[in-house]
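Morning, everyone. Please have a look at the screen.

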Amino acid sequence: MSASEATPITAPDAPVLDEDPFSDENIANPYPLFERMREMGPAVFVQPHGYYAVGRHAEAGIVASDYARFTTQGGVGMSDIRKPGAWRPRSPITEWDPPEHTRVRAALQKILSPLVVKTWREAFERRAEEVAEAALAKGRIDGVADVAEAFVLDVFPKVLGVNVPPERIKQTGELNFNQLGPNNARLQAALAKTAPLMEWYVNILQREHMLPGGFGEKIYQAEDAGEFDAGTAPLHVRTFFRAGVDTTMAGIGSTLKLLAEHPDQLALVKQDPAKMIKNAFEEALRLESPAQVMFRTTTQDVELGGVKLRADTKVGYHMGAANRDPRQWKAPDRFDVTRQTAGVHRAFGAGAHVCIGQMIARLEAESVLGALLRRVKAIEPDGEARWRPVNTLRTLDVLPLRLVT
Ligand code: HEM
């Protein structure tokens, strides 16, 4: 007899939301919907897609981390990858629960230990100087192309040890973050755009393409040593590609946008860059969370915050909503670089699957933002910033800025 049969759940069913969180309007500006979701309850059943959405900070943390009730085995996207029509091999790290996950995560953590990451600092700083100098020479820049992409698309593939044209990384990244959401027109367009790249994409993750010294090569070596299941190394490399690039570019872009729009906060950062650049980055991740939603599947009927969720149903924890929950944050919509958010916001997830690359993302952001801010008196908006419409990623397409020296 399962736990749910032993103690039937008497809580009311979750309220029903008859709106599409992935409509053009809600993707362009998700925050009014997030507020409605949070106010309706700790979880709402999203009628158009048949999943439960969780928008409050406390319950988002439970869904992210309580793998006994909210498993990752059905995939961390909206469709259940175990079901006919949606089947795909699961990621050998993000889509396994403990205890299997624990062993794999420990092996990856060895490859990405703080000591290893520290050795990348010098190369990151060197590239950051180049990016900042080039931006300064231009004066009027696109913060996305000239800073976030110019930096991350250079340094991350190098530490991973894979030689990939930047444009292809962006296209496959966009595909990935569309695939985590519903099968809508946005996903279909991304699939059509990337179809000619798929053969190349599978091929580039194979052992023979790993450059010496990168951590991709170390992943293959760990598989040889029996630390990962045979055949999973290319899937690990793919997961890093998917998880590590677009998210970091999105976070750096949003930090620049928010600093340009809030000169008082930029002034605070410039007074004490060593401490405040870190804070500004974390605060931007809170306000404009790059990964907007991740999914789990209920293993049984579950009570969450006083409402009943049915078994075998997808549950999305919307970190974009949780990170502006007034139950957790004072004046949640305000960009405040003095706020202590690291480790509290949900932008890196929570629990066993909490982002393994957060240290790397922070090092990248500190390097490039530090190099730029050291050289300028101010950064000003220089036209309208545009968000890129992607199902589950909050990222800028264009960010016109003027650097004042
Ligand atoms: C600002 C940048 C980043 C953000 C916002 C971010 C966000 C996240 C989130 C929300 C999760 C948890 C997913 C879940 O609950 O299912 C996660 C996990 C993960 N991230 Fe990141 N990430 C960032 C940067 C990176 C980088 C730079 C790397 C690579 C070095 C990386 C690699 C991973 C991996 C491999 C996981 C899976 C961990 C596991 O399942 O145990 N991420 N990330």
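Which residue's side chain meets that of E19 in a salt bridge? It is R36, at 2.7 Å, N to O. Bear in mind that this is a predicted model. The pair links distant parts of the chain, 17 residues apart. E19 sits in the loop between strand 1 and helix 2, and R36 sits in helix 3. How accessible are they? E19 is partly exposed, at 25% relative accessible area. R36 is partly exposed too, at 37%.

Next, a pair within one helix. E125 forms a salt bridge with R121, with the closest N and O atoms 3.5 Å apart. Both belong to helix 7, and they are four residues apart, so about one helical turn separates them. E125 is partly exposed at 35%, and R121 is partly exposed at 37%.

Now E149 and R388. Their closest N and O atoms are 3.6 Å apart, in a salt bridge. E149 lies in helix 8 and R388 in strand 11, so the bridge ties together parts 239 residues apart in sequence. Buried or exposed? E149 is buried, at 11% relative accessibility. R388 is buried as well, at 13%. There is also a network here: shared partners join E149, E167, K170, E174, R386, R388 and D397 through salt bridges. The total count is 38 salt bridges.

Last, helix 8 again. Its axis comes within 5 Å of that of helix 12, and the two cross at roughly 25 degrees. The two helices are therefore roughly parallel. Helix 8 contributes F156, V159 and L160 to the contact, and helix 12 contributes F215, G216 and E217. By class, that is four nonpolar residues, one polar and one charged.

Key:
Residues numbered from 1 in each chain as written. Predicted model: local features only at pLDDT ≥ 70, side-chain atom pairs only at ≥ 80, totals over all residues. Heavy atoms only, no water. Axes fitted to C-alpha atoms, helices over the stretch in contact; angles between N-to-C directions. Parallel < 35°, antiparallel > 145°, perpendicular 65-115°, else oblique. Contact = heavy atoms within 4.5 Å. Nonpolar A, V, L, I, M, F, W, Y, C, P; charged D, E, K, R; others polar. Salt bridge = Lys/Arg side-chain N within 4 Å of Asp/Glu carboxyl O. Buried < 20%, exposed > 50% of the residue type's maximum accessible area, 1.4 Å probe, protein only.
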